Amino acid sequence: MTASIITLTTDFGTADAYAGAMKGVILSINPQCTIVDITHEIAPQNILAGSLSLAAACGCFPKGTIHVGVVDPGVGSSRRPVLIDTENYFFVGPDNGLFSFALSGEGAKKVYELSNTAYFRPHPCQTFHGRDIFAPAAAHLSKGVLPVYFGNPVYDPVMMTLPEPLGKGDAEAEGEIIHIDRFGNLITNLSRKFLAGFAGRRAFYAEIKGRTVAGLLETYAGAGEDELFCLFGSTGYLEISVKNKSAAALIDAKVGDTVRVECRRQQ
Amino acid sequence: MTASIITLTTDFGTADAYAGAMKGVILSINPQCTIVDITHEIAPQNILAGSLSLAAACGCFPKGTIHVGVVDPGVGSSRRPVLIDTENYFFVGPDNGLFSFALSGEGAKKVYELSNTAYFRPHPCQTFHGRDIFAPAAAHLSKGVLPVYFGNPVYDPVMMTLPEPLGKGDAEAEGEIIHIDRFGNLITNLSRKFLAGFAGRRAFYAEIKGRTVAGLLETYAGAGEDELFCLFGSTGYLEISVKNKSAAALIDAKVGDTVRVECRRQQ
Amino acid sequence: MTASIITLTTDFGTADAYAGAMKGVILSINPQCTIVDITHEIAPQNILAGSLSLAAACGCFPKGTIHVGVVDPGVGSSRRPVLIDTENYFFVGPDNGLFSFALSGEGAKKVYELSNTAYFRPHPCQTFHGRDIFAPAAAHLSKGVLPVYFGNPVYDPVMMTLPEPLGKGDAEAEGEIIHIDRFGNLITNLSRKFLAGFAGRRAFYAEIKGRTVAGLLETYAGAGEDELFCLFGSTGYLEISVKNKSAAALIDAKVGDTVRVECRRQQ
């Protein structure tokens, strides 16, 4: 059997023993697998943030990787635990939209409800499915159990949509900040693809919180000190940044703030 | 040799290089072993918190796992470094009570003082036993060195007791909050077992900080919005929670706060 | 092939998916390697702090370990990406001085620019060399690709020097605080070696922020409660500490604060 990889993305934090417990359960079932933390610091119950983090990292992993996500405000309710089988990966977690953005990059997929209790921990706790349902499912999957054994197909998985950017006329768009990273970069929902029509037009302007940001750079190096600028970041979305400083702190920006972009033909 | 697993539970944090140094030492001795972080964010010198975290996670790991714990206010003093050999696990760390709760779930055990300097790093630093005594001991143990080679038996290891809950009459009890997790759940020292006599009585009340909390739920799903409720959490202790919010923030609760519970026969 | 070890030291934090993305890239190229986090919590863009953390931990790892460091204010500028081959280790990251202190303990070394795009991720992003240049280089190196294949030799790598302590007369010295750890210990740039002339003189005094600290201890155990004292810490530098409390909080000390030490012959 080849070595298999299981990633974890949760809102458990790292101060409590919850993530450690999941790892223990996984290694009890498959001591050979490699466990990789993507992050445990998703804000509690923030499914959108979890979905974005998973989408930002999951595609870097080798084919066959099992991505476990646990951001789960509905734990213990009737929301289904699921396993999603795509062309490249498996995703294991709650059926609440957490995998939506990761899945948007994947082709055909099959979804199964995790209902076969043979693959649960005995006496699963209704407040900790991460340990008692998702971790064991991922571990058994990593040992080669076929997805179909875990439960019945699901035909209506819950999907989430990103706040949609608006295109206005032929060279204007309006989006919003969907994530602020550790460096204070403001990541918008305006993708390179959505703004493709802007290519070749030289004069690019963004407006945020009453400020106008001129210019779309390729790298941080071209920016002046203490100057806001735009670039497409490492996941393909437009970001507003300040070189070696926090754009978020500079203009007191928050997730949800509106960003308008405009592109004019050079005169 | 089968792969072996070493877990780490410390108060080192993750911003300094201390945990990384321990991992380097372990891998220098046994490059094949799997190292798993339980947590490095125990509050500095808080042995009780470290002991609870270890107890919450250790039992999820496979038989033979080596659990290293370093919360060590007495480092460099005469407190002994120890290795504890139980039916399922090994525990390595300071003899200061850190393993007390983990051990309460384990059967017969033997304790050895880590006194054989052949298994120390050369010139051990008196302020960093984690790197120079505990990490090498765990790594050598993972390679099959027998516990008896590490030093002489210890017959009086230091044990800690949890703050004891009080039973009052036949359906009243008083405990306290022993841990608050990332989600703001208030975890008490009232175990399911201690409150076993309450089973079958329907009307359950808890009192904390002058508030009365009615009802003992099985899952978060049954709770109303912004409403305090009780349930038995994933480690078997009574918790006071608010659905998808922080109970700790809502009522400004702290570790050590008193919790009274009462159970009345339905009229 | 023997298992290989790759360590990561970055300023990415653990809340974003950046470190996870690097791990995915590494495992996609070499699923067999062991990835170890030293820390991801270097303060953003603080090369000095990153260099100190790497130096504190790297020497604990086995010969052949590949240490990746990413604290990179110049990402996307003309600063070179490099691979440094020393007697014991490889270092991979930006050519900005980040490896200076780690290298000071290493003998002969060769430096190569990472210019061979065959070992880059396709279409490397100019804002995330960690994922697209450094992670793949480390992974290919771990599979046995020779350093010389990554690019041309570099003869003038950027090196950083620690703030230099001053020796004053035959038993006085002046240094500064270069790091404050999680426990509030104040770590200075005064090494055991630099202060070697002080050995054998019994009366040791340090002065910081107008306070005089008398005595140089071997262990925390000898200290009184709430009393500042000096000792040589686990990396060989003089530290000012308070037993089981934060010296930094007690005297409101900061990185950069001056520390004077003086040693008098006993009368």
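The legends below describe close-up views of a predicted model. Local features require pLDDT of at least 70 and side-chain atom pairs pLDDT 80 or more, while totals for chains, interfaces and linings use all residues. Residues are numbered from 1 along each chain as its sequence is written, chains are lettered from A in the order in which they are written, and side-chain values use heavy atoms, with hydrogens and water left out.

**View 1. Chain A by itself.**
Chain A has 5 helices and 15 strands (DSSP runs, H or I of at least four residues for helices and E of at least two for strands, numbered from the N terminus). Along the principal axes, its C-alpha atoms fill a box of roughly 70 × 35 × 35 Å. Of its 267 residues, 56% count as buried (under 20% relative accessible area; exposed is over 50% and partly exposed lies in between, with a 1.4 Å probe and protein chains only). Among contacts in chain A with a separation of 6 or more, 65% join residues 24 or more positions apart (contact means heavy atoms within 4.5 Å).

**View 2. The interface of chain A and chain C.**
Chain A brings 28 residues to this contact and chain C brings 31 residues. The two chains bury about 2400 Å² between them, 56% of it on carbon and sulfur atoms (buried area is the accessible area, 1.4 Å probe, that two parts lose on being put together, summed over both). Cys60(A), Arg182(A) and Phe183(A) supply 28% of the area that chain A buries here, more than any other three residues. Strand E2 (34–39), helix H2 (47–58) and strand E8 (172–180) of chain A each give two or more residues to the side that touches chain C. E2(A) gives the most, with 5 residues. That side of chain A divides into 15 nonpolar, 8 polar and 5 charged residues (Ala, Val, Leu, Ile, Met, Phe, Trp, Tyr, Cys and Pro count as nonpolar, Asp, Glu, Lys and Arg as charged, and the others, Gly among them, as polar).

**View 3. The interface of chain B and chain C.**
Here 30 residues of chain B are in contact with 28 residues of chain C. About 2400 Å² is buried, with carbon and sulfur atoms giving 56%. In chain B, the residues that lose the most area to chain C are Asp16(B), Leu27(B) and Thr127(B), together 20% of what that side buries. The count is 0 salt bridges and 14 residue pairs in polar contact, both at pLDDT 80 or more. Helix H1 (residues 18–29) of chain B gives the most to its side, with 8 residues.

Over all chains the structure holds 0 disulfides (pairs of cysteine sulfur atoms within 2.5 Å). The sulfur of Cys60(A) is 8.2 Å from that of Cys58(A), the closest cysteine sulfur, and this is too far for a bond. Cys60(A) counts as buried at 6% relative accessibility.

**View 4. Positive phi in chain B.**
Gln45(B), not a glycine, has a positive phi of about 65°. Gln45(B) lies in the loop between strand E2 (34–39) and helix H2 (47–58) of chain B, and is partly exposed at 24% relative accessible area.

Notes. Salt bridge = Lys/Arg side-chain N within 4 Å of Asp/Glu carboxyl O. Polar contact = N/O pair within 3.5 Å; in protein donor to acceptor, adjacent residues only side chain to side chain.
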